[in-house]
Amino acid sequence: MATDVLPAIAGLERIILELSNGLRRYVQKEGASDIYIQKQNELILELTNLYNRLSGLKYLETWESLERRIERLELIDPQLTAHTIVLHTKPSKGYNYSFIEINPFRL
């Protein structure tokens, strides 16, 4: 469920930072193993790539809530074929909207 995703992403970010900081300290030690440094760098890179792919899910909870609302509205009125949604992405006193049309039924 989405409520588990955002804390997991934050946890992944924390792990990446801890590994990076630990590796920086290790590199300063005399006799640091080049093989260990290389393997840790590869691991950190892999984790960073995963984090970058997952960080696009910041609106996941919003989308799931939105889908539930759409389903409820369409149960009430089966004639509905589209929905107008205003998604605020930044706090502000005024309104400056864009319009994004998504129609998965049009080729």
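Me: Start with one pair. Are Glu101 and Arg106 buried or exposed?
Reply: This is a predicted model. Residues count as exposed when their relative accessible area is over 50%. For Glu101 and Arg106, both residues are classed as exposed.

Me: How far apart are the closest N and O atoms of Glu101 and Arg106?
Reply: Side chains of opposite charge can pair when their charged atoms come close. The cut-off for a salt bridge is 4 Å. Glu101 and Arg106 form such a bridge, and their closest N and O atoms lie at 2.7 Å.

Me: How many salt bridges does the count come to?
Reply: One joins Arg14 and Glu18. Another joins Glu101 and Arg106. By the rule used here, the count is two.

Me: What relative accessible area does Asp77 have?
Reply: Patch residues need over 30% relative accessible area. Asp77 belongs to the negative patch. Asp77 counts as partly exposed because its relative accessible area is 32%.

Me: Which residues form the nonpolar patch on the surface?
Reply: One of them, Leu54, lies in helix α2, residues 34-54. Leu54 is partly exposed, at 34% relative accessible area. The patch has about 210 Å² of accessible area together, and its members are Leu50, Leu54 and Leu57.

Me: What pattern does the protein follow along the sequence?
Reply: The protein has three helices. It has zero strands. Read along the sequence, the pattern is α-α-α.

Me: What is the radius of gyration of the protein?
Reply: The globule rule gives 13 Å for 107 residues. The protein is well over that, so it is more spread out than a compact globule. Its radius of gyration is 22 Å.

Me: What box do the C-alpha atoms fill, and what share of the residues is buried?
Reply: Along the principal axes, the C-alpha atoms fill a box of roughly 70 × 30 × 30 Å. Buried means under 20% relative accessible area. Of the 107 residues, the buried share is 13%.

Me: How far apart in space are Tyr95 and Ile9?
Reply: Tyr95 lies in the segment after α3. Tyr95 counts as exposed, at 61% relative accessibility. Tyr95 and Ile9 are 86 residues apart in sequence, and their C-alpha separation is 30 Å.

Me: What distance separates the C-alpha atoms of Val5 and Glu61?
Reply: Val5 lies in helix α1. Val5 is partly exposed, with 21% relative accessibility. Val5 and Glu61 are 56 residues apart along the chain, and their C-alpha atoms are separated by 8.6 Å.

Me: What distance separates the C-alpha atoms of Tyr26 and Tyr36?
Reply: Tyr26 is in helix α1. Its relative accessible area is 22%, so Tyr26 is partly exposed. Tyr26 and Tyr36 are ten residues apart along the chain, with a C-alpha separation of 9.6 Å.

Conventions
Residues are numbered from 1 along each chain as its sequence is written. This is a predicted model: local features need pLDDT of at least 70, side-chain atom pairs count only at pLDDT 80 or more; totals for chains, interfaces and linings use all residues. Side-chain values use heavy atoms; hydrogens and water are left out. A salt bridge is a side-chain nitrogen of Lys or Arg within 4 Å of a carboxyl oxygen of Asp or Glu. Buried means under 20% relative accessible area, exposed over 50%, partly exposed in between (1.4 Å probe, protein chains only). Patches are made of residues with over 30% relative accessible area and no salt bridge: like charges are joined within 9 Å, nonpolar side chains (Val, Leu, Ile, Met, Phe, Trp, Tyr) within 5 Å. Accessible areas come from the Shrake-Rupley method with a 1.4 Å probe; for residues, only the protein chains shown count as cover. Lys and Arg count as positive and Asp and Glu as negative; His and the chain ends are not counted. The place of a charge is taken as NZ of Lys, CZ of Arg, CG of Asp or CD of Glu. Helices (H or I, at least four residues) and strands (E, at least two) are DSSP runs, numbered from the N terminus. The radius of gyration is taken over C-alpha atoms; the globule rule is 2.2 Å times the number of residues to the power 0.38.
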